[in-house]
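Here is a short briefing to read alongside the model. Keep the viewer open, and let's walk through it topic by topic.

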Amino acid sequence: MPFNQKQLSVLLIFLYFSSISQAHHSFAVEFTAEKKVAIKGTVTEIWFRNPHVRYYVEFVNQQGKKESWDVRTSSPSLLVRKGWTKETIKVGDEISIFGHPGRDGRKLLSVISIKLPNGSSLGKKYPD
Amino acid sequence: MNITNKNIFRAALGMLFFAAFSSFPVMGQNIEGSWMLELNGSKQEIDNSITIGAPSDNEAAIIGELILRKEEKGWQAHVEGGPVEIDINGGKIEILIDSRDLAGFVFFRRLNGEISGNIMSGTFTIEGATENPEHGGYWVATRKKEENKKLPPNPQNLTGIWTPAPGVDFRKYSMDLTEKAQNWHNDYIDHYDQPNVRCVSPGIVAIVAWGAYPFEILNSEERLTFLYEVDSEVRRIFMNDKQPPDYYPPSAMGFSNGYWEGDELVIETQLLEGNVRDFRGEPISEGARMHERYSISQDGNTLDAVITLMDPDNYNQPPIRRRKWVKNSNTEIYPYECDPDSFYRQMYNEDKLDMYFERSHRRQID
């Protein structure tokens, strides 16, 4: 994990303003406000471009079926200002994500918090 | 929000004063007309030197225009151009205002208070789930001063990069749509129909009030240029009476003229194409015009704007947005390339591409 203490502090400050940075277009457009879910899986693809940075994450569900989720954060220009670059999370990383799921059962996740392999959090502090 | 005990005490004193002297009914007072609402903001030193509202160091004030009308069916009210629920009973007033938080989730601010002459004040609470809930607080409304500005131009230096600051805007959710607009909006599916989800710029009406990205102002002879980071949009504001060239087409960015009224920059934008106003997808007609008024603080570090959309085809009351920015010399305008691949790919994976293209007419607005 490339973050040192100073960089992590910057990201923790960033979490304070995370709602501003996530306001690229309305969360209510595609995500449910009332629900929050957590998933854990392996990053298979990274899309560090507008309109949203996306991480495609795969895992095997309790029924033994493979699921692929489209995990979305903010736009690149807002993230990189805080030190969150396309190198921060790599393909193959196993991460946990907590966020708002997509409407209509779509496998989308709007990030509130990401827990990195070393246990540190991006966005808000990952809930215990 | 950080309200100190001292501040709470001052606010409570103010409330007690009004409770004591404003218990008479509103009968006989004409409260119709325009008021300026301020929520949770800095302390208000009103004419009689009573402090109203909770001073707050860390949370910026929310400001909006409240319009009250007495009609046959009872009191009608609008905040920032959008309808709100209102109940006036004697000297007491209750207002329920729908808003959108910075993440886009809808919530309500319920204001309860007292009316006393040309001042209303009270407390408000928050209802509804939001990602970053507010804490409620205090509110005050005073009569809106009629502005009759015809001040000689006093141009200010607005050059620099401006970063959005929190607060100010109510982010009013619902607007007072005409029947035509309401019918159009009923069939809108925002996560398929919004321009920006497929990397199309939503246009100046949405961009100017966008809450996340910085923009830069350049000043040259008889022209201001606004460079918006979002969608890498460029906007030219002609500081003279220049008219659009022949056959200049309507567009998402329109054609803007500006002038100085005293210290304030006023921008009038015409030639807007049919579009949507906001994330909610309410329509903008081709004949719409946008009026903006910018003011810079005395120290030159804060820029405020009031943005009004005039579009009587779609809105019975003009929608109003407010923005605040702070000057930021520690950043630059970052690149903003957008690639719609993932948007279409998602629909392809979900077998929704046919549905999407069958709805193409929804993305053309007259």
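Chain A has 4 helices and 6 strands, where helices (H or I, at least four residues) and strands (E, at least two) are DSSP runs numbered from the N terminus. This is a predicted model, in which local features need pLDDT of at least 70, side-chain atom pairs count only at pLDDT 80 or more, and totals for chains, interfaces and linings use all residues. Residues are numbered from 1 along each chain as its sequence is written, while chains are lettered from A and ligands numbered from 1 in the order in which they are written.

**The two chains**

- Along its sequence, chain A follows the pattern α-α-α-β-β-β-α-β-β-β.
- Chain B has 6 helices and 21 strands.
- Of the 128 residues in chain A, 41% are buried; for the 366 residues of chain B the share is 36%. A residue is buried if 20 or more other C-beta atoms lie within 10 Å of its own, exposed if 12 or fewer, and partly exposed in between, with C-beta atoms placed from the backbone.
- Two residues are in contact if their C-beta atoms, placed from the backbone, lie within 7 Å. Taking contacts in chain A between residues at least 6 apart in sequence, 57% join residues at least 24 apart.
- In chain B, 59% of the contacts with a separation of 6 or more are between residues 24 or more positions apart.

**The barrel in chain B**

- In chain B, 9 strands close into a barrel with mixed pairing, in the order β11-β12-β13-β14-β15-β16-β19-β20-β21. From one strand to the next, the twist averages 30°, with axes as lines fitted to C-alpha atoms and angles running from 0 to 180 degrees between N-to-C directions.
- Two strands pair if DSSP finds at least two bridges between them. Strands β15 (residues 255-261) and β16 (residues 264-270) of chain B do this in the antiparallel sense over 7 bridges, and B:Asn257 stands opposite B:Glu268 in β16(B).
- Strand β11 (residues 160-164) of chain B runs antiparallel to β12 (residues 215-220) of chain B, joined by 3 bridges; here B:Ile161 has B:Glu216 as its bridge partner.
- Another 3 bridges join β11(B) to the antiparallel strand β21 (residues 320-327) of chain B, where B:Trp325 stands opposite B:Pro164.

**Nonpolar cores**

- A nonpolar core is a set of buried Ala, Val, Leu, Ile, Met, Phe, Trp, Tyr and Cys residues joined through C-beta atoms within 7 Å. The largest has 57 residues, of which A:Val71, A:Ile97, B:Ile204, B:Val205, B:Ile207 and B:Trp210 touch the most other members.
- Strand β5 (residues 108-115) of chain A gives the largest share of this core, 5 residues.
- Apart from this core lies another, of 24 residues, including B:Ile62, B:Ile97, B:Met120 and B:Phe170.
- Beyond its neighbours within four places in sequence, B:Val205 is in contact with B:Leu272, B:Asn275, B:Arg277, B:Ile284, B:Met290 and B:Leu309.

**Domains of chain B**

- The domain assignment, automatic or from a database, gives chain B domain 1 (5-143) and domain 2 (160-327).
- Their contact takes 20 residues from domain 1 of chain B and 19 residues from domain 2 of chain B.

**A loop residue**

- B:Ser297 sits in the loop between β19 (289-296) and β20 (302-310) of chain B.
- With 13 other C-beta atoms within 10 Å, B:Ser297 is partly exposed.
- The C-alpha atoms of B:Ser297 and B:Val326 are separated by 9.7 Å, and the two residues are 29 residues apart along the chain.
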